[in-house]
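Open the model in your viewer and keep the selection tool at hand. The stops below say what to select and what to look for.

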Amino acid sequence: MRKNIIWYRLQSKRLEAGLTQTDLAKAVGRTPQWVSKLESGKTNTIDKDDLDRIAKVLHIHSEELLTDFDFTDVNDLKNQYIALPHISDSGQISNEHTPFPETLIRKYFGRPNNLALFHQQSGSMSPTIDHGDDVIIDLSETTIKDDLAIYLFQNFAGDIVFLKRIHIRPQGGYVIKSDAGDIFTDMIITKEEAKEMKVIGKALGRFSIKTF
């Protein structure tokens with residue numbers, strides 16, 4: 001699985017460790033040119049194995065290269081960060097987790113319980129949620145109650161999940177809406193069809209802490 005690395009984090013952590021690009025490349029079995037591309041932003045994705053090797057050489061947690069947060073040690077990670085599970089494209093809770101500062105979760109979302117991350121791989125909700133954004137989902141909100149809120153739900157076959165804005169129809173059922181309305185058309189869900197929908201949760205905000 002590939003990860004999006006923050007180039008300036010890699011550069012600053014390498015310099016803090018007193019290593020040159022050549023030193024780091026040699027330690028992880030790569031070329032200096034490969035490290036240079038990562039640090040310049042020309043390449044912004046990295047295999048998990050390479051990420052873990054770099055983190056080990058720099059004596060940091062691998063997540064420090066993926067976010068703007070510093071983890072001082074394992075105990076700090078455990079006590080001050082909450083590991084949010086990921087929701088897969090099929091709607092299942094995966095074994096992958098992302099550490100997230102508990103103080104920020106409480107500040108913006110009020111409580112740390114029943115939260116998970118969904119990686120948006122569509123531009124249908126842009127500009128509210130862009131392609132590639134990680135979205136915080138409240139797994140306790142499995143009933144559509146808030147009109148025009150954004151929910152994560154499965155299709156009728158149960159094999160694909162959608163992140164969409166949902167309008168509650170007065171006569172029953174829903175209108176599934178995309179914020180990129182000039183590209184995606186609305187979809188009508190009848191009252192009977194709505195009974196077959198499986199709501200996974202309600203979207204609370206993007207990983208970048210832009211709430212909506």
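**Stop 1: a pocket and its strands**

Select strand 5 (115-119) and strand 8 (161-168): each supplies at least two residues of the lining of the second largest pocket. Strands here are DSSP runs of E with at least two residues, helices are runs of H or I with at least four, and both are numbered from the N terminus. This is a predicted model, in which local features need pLDDT of at least 70 and side-chain atom pairs count only at pLDDT 80 or more, while totals for chains, interfaces and linings use all residues. Residues are numbered from 1 along each chain as its sequence is written, and side-chain values use heavy atoms, with hydrogens and water left out.

A pocket is an open set of points on a 1 Å grid over the protein atoms alone, where a 1.4 Å probe fits, with protein on both sides within 12 Å along at least five of seven lines; lining residues have an atom within 4 Å of a point. The volume of the second largest pocket is about 300 Å³. It has 18 lining residues, and S122, V161, F162, L163 and K164 are the closest to its centre. Strand 8 gives the most to this lining, with 4 residues. By class, the lining has 8 nonpolar, 7 polar and 3 charged residues (Ala, Val, Leu, Ile, Met, Phe, Trp, Tyr, Cys and Pro count as nonpolar, Asp, Glu, Lys and Arg as charged, the others, Gly among them, as polar).

**Stop 2: two loops**

Next, select S126 and P127, which are joined by a cis peptide bond with omega of about 10°. P127 is in the loop between strand 5 and strand 6 (134-138). Then move to N114, in the loop between helix 6 (102-109) and strand 5. Phi of N114 is near 60°, a positive value in a residue other than glycine. Most residues other than glycine have a negative phi, and most peptide bonds are trans.

**Stop 3: helix 2 on helix 4**

Select residues 21-28 (helix 2) and 48-58 (helix 4): their axes come within 9 Å and cross at roughly 120°. Axes are lines fitted to C-alpha atoms, for helices over the stretch in contact, and angles run from 0 to 180 degrees between N-to-C directions. Which residues of helix 2 and helix 4 make the contact? Show L24, A27 and V28 of helix 2 with R53, I54, V57 and L58 of helix 4 (contact means heavy atoms within 4.5 Å). By class, this contact has 6 nonpolar, no polar and 1 charged residues.

Methods:
Grid points are joined across faces, edges and corners, and a volume is the space filled by probe spheres set on the points.
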